[in-house]
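I opened my notebook to work through one structure, piece by piece. Here is what I looked up.

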Amino acid sequence: MARLVEMARRVAQVDATVLVTGESGAGKERIARLVHDASSRAPGPFIAVNCGAIAETLLESELFGHARGAFTGASCDRPGLFEAACGGTLLLDEVGDVSPRMQVKLLRALQEREIRRVGENRSRSVDVRLVAATNRDLMRGVEVGTFRRDLYYRLKVVELHVPALRERRGDILPLARVLLASAARRMKRPVPGLAPRAAEQLLSYDWPGNVRELSNAIERGVALTQGDVITLDDLPAEIRRAIPKTPIDGGAVRLLADVEKDYILAALEVNGGNQTRTALQLGIGSATLYRKLKSYGLIPARLSAVSLGVAV
Ligand SMILES: Nc1ncnc2c1ncn2[C@@H]1O[C@H](COP(=O)(O)OP(=O)(O)O)[C@@H](O)[C@H]1O
Ligand SMILES: [Mg+2]
C-alpha cells in the first residue's frame with residue numbers, strides 16, 4: 001500500500017490517464033481522490049460517475065451533456081460531467097461495464113480531448129484529467145471482445161492496483177482504528193476501544209467486501225456497544241464465526257506460537273469461553289490451557305469483559 005500511495009502521488013504530478021483496479025470496496029475511489037488531491041488540479045472539481053449504474057442512453061447525456069430538444073424531456077441545454085469536471089478530475093467508475101457504443105465515444109473524448117453534447121454538432125474542448133476504475137479484469141474483456149483494445153491501452157497508461165484487504169492483513173487493525181475514530185465522531189460518541197478478542201476476529205476474517213465491509217462492521221460496533229469497548233458480541237455474526245487461517249497466506253510463514261494462539265482463541269470462542277470443554281477438544285490439560293491464556297495476557301475468567309478492553 002505504501003508503494004501504491006507513493007506511485008499515486010507521483011503520477012498525480014502529470015496529467016496521464018490512470019486506471020485503478022481492485023475488488024469492490026478495496027479503496028479505488030479513495031486512490032482516485034488522492035491522485036486528484038495531490039495534483040495541480042486539486043482546487044478544481046473531482047467528479048465520480050458510476051458508469052455501471054446508468055443506462056446507456058442516459059450515460060451519454062450525463063457524460064457529454066445535451067442540447068435543448070435533443071430528446072423527449074430535454075427542455076434546456078445542459079452541460080455534461082466532462083464539462084462540469086473542467087479544470088479538475090473525472091472518475092469513470094466501473095468503466096468495464098460501459099457498452100461498446102459508449103466505448104467508442106469515450107475513446108474519441110480521450111484522444112481528441114473534445115466532446116460533443118447529444119443533439120449538437122459542434123465539438124467542445126474539455127480540460128479534464130481522467131481516472132477510470134474497474135473491479136473487472138479488463139484484459140479478459142479485451143480477449144473475449146467485450147472491451148475495446150484501443151480504449152484499454154488509452155486508459156491503462158498508468159495502472160494502480162489496490163490489493164484486497166485480505167492480502168494486506170497488517171492494514172486491518174490500523175484501518176479499524178481510523179474507522180473507529182471517524183464513526184464515533186459521526187455518531188457523537190466517545191471513541192471506544194477494541195477488545196482483544198474482537199481484534200483477533202477482525203484479523204481472522206477474510207473481508208470479501210474489503211475496507212467498505214470493515215467500515216460497516218466498525219460503524220455497527222460503535223452503534224451497538226454498551227460500554228467503552230467494542231466486544232465480540234458487537235460484531236456481525238459472520239465475523240464472529242471466522243476461523244483463523246492455517247494455510248500459509250500469501251507465502252508469509254507465521255510464527256508457530258502465533259498460529260497456536262489464534263487457534264486456541266478460536267476454539268475457545270466456538271465453545272463460548274468454556275475452558276474445560278476447549279481443553280478437552282484440543283487434547284491438552286486444563287492447566288496447560290490456563291497457562292497459555294495467561295501468557296497471552298488474558299485473564300481467562302473474564303475473557304470478553306470490559307476490563308480487558310485494551311484498545312488496539
Ligand atoms: N485507506 C483507507 N482509509 C480509510 N478509509 C478507506 C480506505 N480505503 C477505503 N476506505 C473506505 O472504504 C470504503 C470503500 O472505499 P472505495 O474507495 O469507495 O472503494 P472502491 O471504489 O474500491 O469500491 C469507503 O468508505 C472509503 O472511505
Ligand atoms: Mg467504488
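My entries below cover the sheet, the helix contacts and the ligand.

**Entry: before I start.** I note that this is a predicted model.

**Entry: one strand pair.** I picked strand 1, residues 18-21, and strand 8, residues 129-134. How many bridges link them? I count 4 bridges, in the parallel sense. Within strand 8, Thr134 is the residue that stands opposite Thr21.

**Entry: helix 1 with helix 2.** Helix 1 spans residues 2-12. Its axis and that of helix 2 come within 8 Å and cross at roughly 40°. Angles under 35 degrees count as roughly parallel. The angle here is roughly 40°, so helix 1 and helix 2 are oblique to each other. The crossing is right-handed. Which residues meet? From helix 1 I list Val5, Ala8, Val11 and Ala12. From helix 2 I list Ile31, Leu34 and Val35. By class, this contact holds 7 nonpolar residues, no polar ones and no charged ones.

**Entry: helix 8 with helix 9.** Helix 8 covers residues 172-186, and helix 9 covers residues 196-204. Their axes come within 10 Å and cross at roughly 120°. Helix 8 and helix 9 are therefore oblique to each other. Helix 8 passes helix 9 in a right-handed crossing. On the helix 8 side, the contact uses Ile172, Leu173 and Ala176. On the helix 9 side, it uses Ala199, Leu202 and Leu203. I sorted these residues by class: 6 are nonpolar, with no polar and no charged ones.

**Entry: helix 8 with helix 10.** Helix 8 also packs against helix 10, at an angle of about 50°. The axes are 9 Å apart. The two helices are therefore oblique to each other. Is this crossing left-handed or right-handed? It is right-handed. Helix 8 brings Ile172, Leu175, Ala176, Leu179, Leu180, Ala183 and Ala184. Helix 10 answers with Val211, Leu214, Ser215, Ile218, Glu219 and Val222. This contact has 11 nonpolar residues, 1 polar and 1 charged. I also note that Ile172 and Ala176 are listed in the contact with helix 9 and in the contact with helix 10.

**Entry: around ligand 1.** How many residues surround ligand 1? I get 13. The closest are Gly27, Lys28, Glu29, Arg30 and Val211. Which elements give two or more residues to this shell? They are helix 2 (28-37), helix 8 and helix 10 (210-224). By class, the shell has 4 nonpolar, 5 polar and 4 charged residues.

Terms used. Residues numbered from 1 in each chain as written. Chains lettered and ligands numbered in written order. Predicted model: local features only at pLDDT ≥ 70, side-chain atom pairs only at ≥ 80, totals over all residues. Axes fitted to C-alpha atoms, helices over the stretch in contact; angles between N-to-C directions. Parallel < 35°, antiparallel > 145°, perpendicular 65-115°, else oblique. Left-handed = near helix turned anticlockwise from the far one by under 90°. Contact = placed C-beta atoms within 7 Å. Nonpolar A, V, L, I, M, F, W, Y, C, P; charged D, E, K, R; others polar. Pairing = 2+ DSSP bridges. Near = placed C-beta within 6 Å.
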